[in-house]
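Please keep the sequence and the structure in view while reading.

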Amino acid sequence: MKNKKIGVVVFPGSNCDYDCYTAAKNIIGCNVDYIWHKDSNPGEFDAIIIPGGFSYGDYLRCGAVARLSPVMDVVAEHAKKGKLVIGICNGFQILCEAGLLPGALYMNKKLNFICEYTNIKVEQTESPFTSLCKKGQVLNIPIAHGEGQYTARPEVLDMLENENRIAFRYCTAEGDVTEEANPNGSRKNIAGILNESGNVLGMMPHPERAVDKKLGSTDGKLIIRAIGEWIV
Amino acid sequence: MKAQIYVTLKKSVLDPQGSTIERSLKQMGYDDVASVRIGKFIELDINSDDKAKAETQIKEMCDKLFVNPNIEEYRFELL
């Protein structure tokens, strides 16, 4: 893994960058570098993580200003080559704003900021991010967001479903996808989606916060380890 | 010249802020309020008198930055 490199993008206001860096470094064991958002030529990476936080203070809309940063051209180029991009929380919002993923995330249905462990059901295991999970497996991973309600036009939602691009859905501990288990009102209980070719994942839950028993769960490791196995 | 831009959630998108404020208004006794939608108001000062150019540029600004066409729509006035 010594010759593999993961990049963690840092915007002004990112606050999960260190967690992502540490999780990637400890779990995958490869080189990890931060990429400052103004860097338009940071070199090549095997995978890029866009971490959570409040880039540009969430001004205007979450991710609306961040997506104009020079680094986003780098991310788009990287994704076009079929290499891996994972956007977590604010990273998911930025990927949607940048058009690398369809749809949008906006204020939670009940308006409150929710910081709690959620259960998410793995809906497909063919992607580079979910390959170590079992189909239907329930992962216990925390969310921390005020604007995580996923929405898209009905035809886009149908497309995501038909093309097997819904990676995760909020569910009960038993794996039932119900309205009660949906923390933010997301359409179809969506917690994470993939792009058309499956190499870009956006998810609201934070796998990097569920990598140690002391943190309450180690289920996030499955996603991070899967990235490591894919890039070998 | 001034441009005043109004950005609102599309009718098809639920507005959690609007529904909360609607309930508050009812609680305050304003029973005639049928619904509330909340949006953004953006005002620009423009150093030009060329209305056609301003219109084109504002449309661009809305499409590229001010508005997320997945969930929002906009209208604007030049004064």
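## Strand pairing

Two strands are taken to pair if DSSP finds at least two bridges between them. In this predicted model, strand β6 (residues 114-122) of chain A and β7(A) pair in the antiparallel sense over 8 bridges. Within β7(A), A:P142 is the residue that stands opposite A:Y117.

## The sheet of chain A

Chain A holds an open sheet of 9 strands with mixed pairing, in the order β2-β1-β3-β4-β11-β10-β9-β6-β7. The edges are formed by β2 (31-36) and β7 (138-145) of chain A; each has a single partner strand, so one side of each is left without a neighbour in the sheet. On average, neighbouring strands of this sheet are turned by 25° against each other, direction ignored.

## Helices across the strands

Helix α2 (residues 71-80) of chain A lies across β1, β2, β3, β4 and β11 of chain A and runs at about 135° to β3(A). Helix α5 (residues 220-231) of chain A lies across β1, β3, β4, β7, β9 and β11 of chain A, and its direction is at about 160° to β4(A).

## Nonpolar cores

In soluble globular proteins, nonpolar side chains tend to be buried together. The largest nonpolar core here has 65 residues, of which A:I6, A:I50, A:I86, A:L139, A:Y150 and A:F168 touch the most other members. Not counting residues up to four places away in sequence, the contacts of A:Y150 include A:F92, A:C96, A:L105, A:L157, A:R187 and A:I193.

Another core, of 12 residues, lies apart from the largest one. Among its members are B:I42, B:I46, B:I58 and B:F66.

Terms used:
Residues are numbered from 1 along each chain as its sequence is written. Chains are lettered from A and ligands numbered from 1 in the order in which they are written. This is a predicted model: local features need pLDDT of at least 70, side-chain atom pairs count only at pLDDT 80 or more; totals for chains, interfaces and linings use all residues. Side-chain values use heavy atoms; hydrogens and water are left out. Helices (H or I, at least four residues) and strands (E, at least two) are DSSP runs, numbered from the N terminus. Axes are lines fitted to C-alpha atoms, for helices over the stretch in contact, and angles run from 0 to 180 degrees between N-to-C directions. Contact means heavy atoms within 4.5 Å. A nonpolar core is a set of buried Ala, Val, Leu, Ile, Met, Phe, Trp, Tyr and Cys residues joined through side-chain atoms within 4.5 Å. Buried means under 20% relative accessible area, exposed over 50%, partly exposed in between (1.4 Å probe, protein chains only).
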